[in-house]
Amino acid sequence: MQPDPTFRTLWREYRRERFRSELVSDWAVAVLYRLPSLWLVARLVPTGMSPTAVTLAALPVALAMPLAALLLPPGAAALATVLLAVAFQILDCVDGGLARATGRSSSKGAALDFVIDMAQWGLFYTSIGIVADRMAGTDEGTGLFWTVVAVAAAWLRLYARVVRDARPASVAPGTAAPLGHSAQGGFVVLAERALAGMSGALPIFFGIAALAGVVPAMVIFVLLYALLDVGDAVWTSFRNWPGDAA
């Protein structure tokens, strides 16, 4: 059966099958990037472009972020980093959407997407730190202080993912998220879901911080976010380990 690549059909199917679950698990992606990504998917399906090609196309976008942060004037560096980060997020949605629309999903493609996605977060966090150091002022520069803090935040983010992946896959296949979900109800669950889906909004937050002239505060924010991520990963991964008595 030939796939129907029209944007209207893709959007209708997404709203019917995935929108609610993604709004819970990854709200920023659902709200900010899914719509433009489906528009691109509708235009890429007729070209025969593979999902892997889209994934690989996102890599130079990620690599360009620290280069833009280093080489452009500080204000332009911040703007370029935001635009590149947003472009990456859209492409990160496109490859999966294209795979589903064309029936070309594969475990190898998913693994490649994961590797490039994790690299992107490290590059994006580092770029925030570089811009923060450069915007600190020409007379009172901070050297590499904020860059080092941002790299530490990136390392913590990756470490949190490693901790989650150490948990047996049979526990919750395909449900990994930046912050896990509690089985309890109420405010805690809402807070966890809000934090879990916040990653995709970080480029927007960075843009707001740059406009307000408080990029160092953004570095502190991503560091605290990463620390929360690690704490949540450890807690949710080792709580009620499968096979252990409750």
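The largest cavity in this structure has a volume of about 30 Å³. A cavity here is a set of points, on a 1 Å grid over the protein atoms alone, where a 1.4 Å probe fits but cannot get out. Grid points are joined across faces, edges and corners, and the volume is the space filled by probe spheres set on the points.

Before I continue, a word on the source: this is a predicted model, in which local features need pLDDT of at least 70 and side-chain atom pairs count only at pLDDT 80 or more, while totals for chains, interfaces and linings use all residues. Residues are numbered from 1 along each chain as its sequence is written, and side-chain values use heavy atoms, with hydrogens and water left out.

Let me return to the cavity. By this rule, the count comes to one cavity of 30 Å³ or more. Which residues line the largest cavity? They are Thr55, Ala58, Phe88, Leu91, Asp92, Asp95, Asp113, Ile116 and Asp117, where a lining residue has an atom within 4 Å of a point. The largest share, four residues, comes from α5. By class, the lining has four nonpolar, one polar and four charged residues. In this scheme Ala, Val, Leu, Ile, Met, Phe, Trp, Tyr, Cys and Pro count as nonpolar, Asp, Glu, Lys and Arg as charged, and the others, Gly among them, as polar.

I turn to the overall architecture. The protein chain has ten helices and zero strands; helices (H or I, at least four residues) and strands (E, at least two) are DSSP runs, numbered from the N terminus. Of the 246 residues of the chain, 42% count as buried. Buried means under 20% relative accessible area, exposed means over 50%, and partly exposed lies in between, with a 1.4 Å probe and protein chains only.

The next topic is salt bridges. A search of the whole structure finds six of them, each being a side-chain nitrogen of Lys or Arg within 4 Å of a carboxyl oxygen of Asp or Glu. In one, the side chains of Glu22 and Arg34 meet at 2.5 Å, N to O. Glu22 sits in helix α2 (residues 19-25) and Arg34 in helix α3 (residues 27-44), twelve residues apart. Both Glu22 and Arg34 are buried.

Arg164 forms another salt bridge, with Asp229, and the closest N and O atoms are 2.9 Å apart. Because Arg164 lies in helix α7 and Asp229 in helix α10 (residues 215-238), this pair ties together parts that are 65 residues apart in sequence. Arg164 and Asp229 are both buried. Salt bridges that share partners also join Arg18, Glu22 and Arg34 into one network.

Within helix α7 (residues 145-166), Arg161 and Asp165 lie four residues apart, about one turn of the helix. Their side chains meet in a salt bridge of 3.3 Å, N to O.

Finally, the surface. Leu23, Val31, Leu32, Ile204 and Ile208 make a nonpolar surface patch of about 400 Å². Such patches consist of residues with over 30% relative accessible area and no salt bridge, with nonpolar side chains (Val, Leu, Ile, Met, Phe, Trp, Tyr) joined within 5 Å and like charges within 9 Å. Accessible areas come from the Shrake-Rupley method with a 1.4 Å probe. Helices α3 and α9 (202-212) each supply at least two residues of the patch. Ile208, in helix α9, counts as exposed because its relative accessibility is 52%.

Technical notes:
1 Å grid on protein atoms, 1.4 Å probe; cavity = no way out; pocket = protein on both sides within 12 Å on 5 of 7 lines; lining within 4 Å.
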